[in-house]
Amino acid sequence: MTDHVSVREVGLRDGLQLVSTILPTKTKLEWCQEQAAAGFREIEVTSFVPPSILPQFSDAAEVLSGALAIDGLLASTLVPNLKGAVRAMDAGARKITFVLSASEAHNQSNVRRSTDESLAMFREVMEERASRNLVDEIQIAGVIAKSFGCSLQGSVSESRVCEIANLMAGYGADEINVADTVGYANPVQVERLLQKVDSVTGAVPIAAHFHDTRGMGLANVAAGVRVGVRRFDASLGGLGGCPFAPGATGNIATEDCVYLLESIGLSTGIDMQALLEVREKLNNWLTDERLEGRLSKVGVAKTFS
Ligand code: COA
Ligand code: ZN
């Protein structure tokens with residue numbers, strides 16, 4: 001049996017964070033529809049942050065509600081704090097990704113509190129879910145940003161990343177997402193850290209989130225695959241980046257990531273041609289942005305099947 005890998009599209013969240021064009025709600029939902037039709041089972045559709053901070057997401061509840069109606073799609077949403085989680089739960093969220101940073105400097109810059117304060121808040125989010133009797137209905141993932149290094153503080157200790165992962169798993173996280181927010185990771189480091197994280201999170205699945213800032217994004221995916229990770233985030237056309245992390249640029253391009261995974265014999269369930277067509281639409285929706293990625297320039301190889 002072919003090993004399945006889940007590719008989660010994060011273009012509508014990570015991708016749109018750094019984009020100045022505000023996409024209409026209808027267009028965001030068309031994007032979700034089209035990508036679901038291309039075979040995506042999970043899309044991070046929005047972010048419950050204050051509209052004053054990221055106006056792109058002022059329609060978060062409408063986008064989530066529209067995406068929840070798409071058959072077979074798990075619409076996940078990012079939250080930076082308890083208030084965001086409450087808003088997401090009120091809007092019917094089925095999967096919430098709570099982000100904190102292993103870098104103290106980035107956590108302060110991103111969410112204006114210490115990492116320990118964010119960890120305590122993660123626990124409050126879990127309690128909020130429990131108090132609503134929604135433990136089986138809502139998945140909550142813990143995202144550990146800047147796990148591989150930070151453009152504000154420099155190195156980030158691997159033992160701190162593992163400590164955070166262990167605590168979040170202990171609080172009941174349904175997934176731990178290890179994120180390279182600013183493209184500092186290299187494949188050797190990825191293998192080492194993901195194995196270490198896996199050894200402290202028990203049965204909780206690990207996802208990985210890479211940016212291609214320094215051209216190592218896909219090599220890092222391959223390294224993740226080698227150590228057994230089967231969940232990856234990617235952003236169509238390589239859009240993306242954290243507005244509160246200096247030097248942040250695009251995620252790995254979804255189309256290139258899918259091509260890599262399928263090329264090495266893994267199954268993503270994604271129709272490559274349909275995906276490239278969605279990318280073309282995105283290109284037309286975001287005329288002021290330059291999309292990245294290689295595959296769209298040259299097409300698949302003749303040997304690709
Ligand atoms: N959604 C909507 N409104 C929110 C909110 C949320 N998730 N969190 C806080 N607010 C509101 C509060 O109700 C309060 O409103 P008021 O002034 O009308 O009473 C105001 O925002 C300030 O709340 P506070 O809790 O003091 O937040 P803060 O100013 O310390 O900011 C964050 C903390 C997390 C909200 C902010 O730093 C943030 O949104 N960061 C964005 C992180 C992000 O998305 N990064 C990119 C992804 S990694
Ligand atoms: Zn990111």
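Colleague: Why is the sulfur of Cys-257 too far from the closest cysteine sulfur for a bond?

Modeller: In this predicted model, the closest cysteine sulfur to that of Cys-257 belongs to Cys-32 and is 18 Å away. A disulfide requires two cysteine sulfur atoms within 2.5 Å, so 18 Å is too far for a bond.

Colleague: What makes Cys-257 count as buried?

Modeller: Its relative accessibility is 0%. The cut-off for buried is under 20%, and therefore Cys-257 counts as buried.

Colleague: How do you know that Cys-242 is in no disulfide?

Modeller: By the 2.5 Å rule, the count of disulfides comes to zero. For Cys-242, the nearest cysteine sulfur is that of Cys-150, at 9.8 Å.

Colleague: Why is Cys-242 called buried?

Modeller: Cys-242 has 10% relative accessibility. Buried means under 20%, so Cys-242 counts as buried.

Colleague: How much of the accessible area of ligand 1 does the protein cover?

Modeller: On its own, ligand 1 has 940 Å² of accessible area, of which the protein covers 67%.

Colleague: Which helix gives the most to the shell around ligand 1?

Modeller: Helix 4 does, with three residues. The shell holds 16 residues, divided into eight nonpolar, four polar and four charged.

How values were computed
Residues numbered from 1 in each chain as written. Chains lettered and ligands numbered in written order. Predicted model: local features only at pLDDT ≥ 70, side-chain atom pairs only at ≥ 80, totals over all residues. Heavy atoms only, no water. Buried < 20%, exposed > 50% of the residue type's maximum accessible area, 1.4 Å probe, protein only. Near = heavy atom within 4 Å. Areas by Shrake-Rupley, 256 points an atom, 1.4 Å probe, with all protein chains shown as cover. Helix = DSSP H or I, 4+ residues; strand = E, 2+ residues; numbered from the N terminus. Nonpolar A, V, L, I, M, F, W, Y, C, P; charged D, E, K, R; others polar.
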